[in-house]
2 protein chains.
Amino acid sequence: MANRPKRTVPRRPAGKRRLRMSDVAQAAGVSPITVSRSLRENSPVARDTREHVLRVVKDLGYVPDQLASGLASQRSGVIATMVPSLNNPHFADTVGALSTAVAPAGLQVLIAHTEYDDAKERQLLEMMLRRRPEAVVLTYDGHDKSTLQLIENADVPTIQIWETPAKPLGHVVGFSNVDAAAALAQRLIDQGYTRFCLLGEAADRNTRGAARRSGFRRALKRAGLDDSRIVRFTRPPITMQQGARALPEILDRWPDTEVVLCVSDPCAFGVQAEAQRLGIDVPQQLAVAGFGDFDVSRVSVPDLTTVAVDASAIGRLTGELILELREAQARGATLEPQTVLVPASPILRGSTSTRRRARGKRGER
Amino acid sequence: MANRPKRTVPRRPAGKRRLRMSDVAQAAGVSPITVSRSLRENSPVARDTREHVLRVVKDLGYVPDQLASGLASQRSGVIATMVPSLNNPHFADTVGALSTAVAPAGLQVLIAHTEYDDAKERQLLEMMLRRRPEAVVLTYDGHDKSTLQLIENADVPTIQIWETPAKPLGHVVGFSNVDAAAALAQRLIDQGYTRFCLLGEAADRNTRGAARRSGFRRALKRAGLDDSRIVRFTRPPITMQQGARALPEILDRWPDTEVVLCVSDPCAFGVQAEAQRLGIDVPQQLAVAGFGDFDVSRVSVPDLTTVAVDASAIGRLTGELILELREAQARGATLEPQTVLVPASPILRGSTSTRRRARGKRGER
DNA sequence: TGCATTTATGATAGCGCTACCATCGACTTG
DNA sequence: CAAGTCGATGGTAGCGCTATCATAAATGCA
């Protein structure tokens, strides 16, 4: 059993080796573990020792290696977040608030955008799971089976946001898109509107757009109104351009339409802009409503009726939930699946009239 | 030299232990290293062996641990990206394209948003450096000293995007905001406009907004025109609302203004919407131009004159550059600092008139 | 004062993977 | 046919950190 010779060449060239914890320890005259403890709060180190070590850390410009730390502690410090699209101010706000909320705990948010594609979602999720995230945040209700399997195997806390799924995978932070959309439609029905057209995406399930359409239709049906005037685009997100292109089709198929209910504000802005281009007065000849209370809806002329959602709150509350989960885990406890609701309520603005309207006006155009 | 007893309790409870590579190896009847090689392309494994191993991996639902892999290989698979704000369609496009470009190589993009705050930038950058990123992407020109020090110490390839800094830290993928803004202003000067007002952020350096203003002013100065009509907001990003609120001030201070040049499209849209609200015709009484060719600029009525920038191309080219760097590093080579330029050119649309204008029209309002 | 308890620090052994070198057999080549 | 070459696989020793246990010193309590 002859001893092989020790490694002759170190893996990293010795000349420009990166600083390690042991280098700091040596410089500070303590053991590496004391440096480790000094760098973490809530570790039993004498105040003087910690101050001294931190000074040395700063002087040397030492930056700890979180790959090593994560491997040893089995805590990656990563939160995996799947969003359908980065290019959506709401998700940007949510993710921003989430990362701000968890940053003090040293957690970072890793984002993947699925582009509303199941296969891509699965693949990206697996990529994220390799980093052993401490929580997975999903901005989706529907997921295909292999994705669900992946999450189940991973044994990681899951938080679904921007939704209230019928069968949650774990925790939930969101609101009911169905109810919020229905509430908006109801408000417009109350004002005397009767002929609605719905603008949204093709899918009939598993997207927020589908949920909103279903809410719109529920309100119309309950009021005994026609809920069959629907224009569908391919897949989300629906753009301003698509909204603009849809208006002529709507006017062509249902010339007496009074209100266009859109899956989201950008789409509604497109409709409104196209109406302006065509010389159709909003809201006198045609009313328009969106969903989400985007910036553009507050600035456009007239400003847009919509549903206000507090995107930042969703992110913040998600972050707080994650911190709770983490703390519970540290205590060896587990948290029951939580459902946190955030408000989402209609805001009536200039793009829909507040007075009861005479019927048929638009039909005469 | 008595042997201490071996650890009695394993770190992870044995019951629900996560699958490791050695489990896969055992199940497949090969050594762990063969599993490792099978999972990576370009590793010398017999085709049959690899297929067999991959099947076992799939059957067991094994997901490799990238913390461990990264630590051992000294390749984190992470690209650190600093953006000022997530809530900006351009950066969203750039980051999206970047992550799509590098995904095939197994790289993931870690994003931090600095909110245009130096201290925050430094802190977030250090957080990212702990993950030992393989490249750092900065969407900023100006950085304070301690940030620069951090990057220098980290010894990591750096790519500055959306800019062409005077003194680049490393590689660059972007365009000259100064030149692009000057080109837009020049086109408008060519059309006969003479009285310009500039709308932008407070800072005079180190932001894209400052660079654009300086480009606008350069063109005005060269044409012998007044470049002193400037309205400044606090800090970027400038919103639609801020644009809207600025218009009355502009009209008050310089009633004969012909053109409002804005630091970005959202701001320009705000100005245009406010003009509509005030009954000022765009472009007949007032012309408006933005920067960036956002969605809203193509849909609004009239559509907005702007500078088109290919945000996705910046991301894609950055990704390709990173892959090149990586490959070079694998060969033991190093790449000279590259500068990759993307096009950015003015687009004249309805918010500025294409006909030479009679002067003073607006003054008569 | 003596003993239990707490506090501060250290030594050791992994965390799960891959770099490095070694080995072995098959194949080529003069 | 010996010697070299190459392709496939494996053994070992880390990567840089922290969990765990051990130990020494300080403190509390009767």
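In strand β9 of chain A, A:Val288 is the bridge partner of A:Val260. Strand β8 (residues 259-262) of chain A pairs with β9(A) in the parallel sense, over three bridges. The model described here is predicted. It contains a chain A and a chain B that superpose by a rotation of 180° with 0.0 Å of shift along the axis, at an RMSD of 0.0 Å. The two copies are thus related as by a two-fold rotation axis.

**The open sheet of chain A**

- The open sheet is formed by four strands of chain A in the order β7-β6-β8-β9, and the pairing is parallel.
- At the edges stand β7 (230-232) and β9 (287-289) of chain A; each has a single partner strand, so one side of each is left without a neighbour in the sheet.
- Direction ignored, neighbouring strands of this sheet are turned by 15° against each other on average.
- Strands of a sheet pair through backbone hydrogen bonds, in either a parallel or an antiparallel manner.
- Helix α9 (residues 208-222) of chain A lies across β6 (196-200) and β8 of chain A, and runs at about 170° to β6(A).

**Strand β5 of chain A and its partners**

- Strand β4 (residues 158-161) of chain A is joined to β5(A) by three bridges, and these strands run parallel.
- Within this pairing, A:Ile159 stands opposite A:His171 of β5(A).
- Strand β11 (residues 339-341) of chain A also pairs with β5(A) in the parallel sense, over three bridges.
- Here A:Gly174 stands opposite A:Leu341 of β11(A).
- From strand β5 (residues 171-174) of chain A, A:His171 and A:Val173 point one way, whereas A:Val172 and A:Gly174 point the other way; all are buried.

- A:Val309 is found in strand β10 (residues 306-309) of chain A.
- A:Val309 has 24 other C-beta atoms within 10 Å, and a residue counts as buried if 20 or more lie within that distance; A:Val309 is therefore buried.
- Not counting residues up to four places away in sequence, A:Val309 touches A:His90, A:Phe175, A:Gly292, A:Asp293 and A:Ala344.
- One of these residues, A:Gly292, is 17 residues apart from A:Val309 in sequence, while their C-alpha atoms are 5.7 Å apart in space.

**Packing of helices α1 and α2 of chain A**

- Helix α1 (residues 21-28) and helix α2 (residues 32-39) of chain A pack at an angle of about 100°, and their axes are 8 Å apart.
- This angle makes α1(A) roughly perpendicular to α2(A).
- On the side of α1(A), the contact is made by A:Met21, A:Ser22, A:Val24, A:Ala25 and A:Ala28; α2(A) contributes A:Pro32, A:Thr34, A:Val35 and A:Ser36.
- By class, the residues of the contact of α1(A) with α2(A) comprise six nonpolar, three polar and no charged.

**The interface of chain A with chain B**

- The contact between the chains involves 47 residues of chain B and 47 residues of chain A.
- At least two residues each of the side of chain B that touches chain A are supplied by α4 (66-73), α5 (89-102), β2 (108-113), α6 (118-129), α10 (240-253), α11 (265-278) and α12 (295-299) of chain B.
- That side of chain B has 20 nonpolar, 15 polar and twelve charged residues.
- Of the interface residues of chain B, 100% are also interface residues in chain A, so the copies meet through the same surface.

Conventions:
Residues numbered from 1 in each chain as written. Chains lettered and ligands numbered in written order. Predicted model: local features only at pLDDT ≥ 70, side-chain atom pairs only at ≥ 80, totals over all residues. Axes fitted to C-alpha atoms, helices over the stretch in contact; angles between N-to-C directions. Parallel < 35°, antiparallel > 145°, perpendicular 65-115°, else oblique. Contact = placed C-beta atoms within 7 Å. Nonpolar A, V, L, I, M, F, W, Y, C, P; charged D, E, K, R; others polar. Buried ≥ 20, exposed ≤ 12 C-beta atoms within 10 Å, placed from the backbone. Least-squares fit on C-alpha atoms with pLDDT ≥ 70 in both. Pairing = 2+ DSSP bridges.
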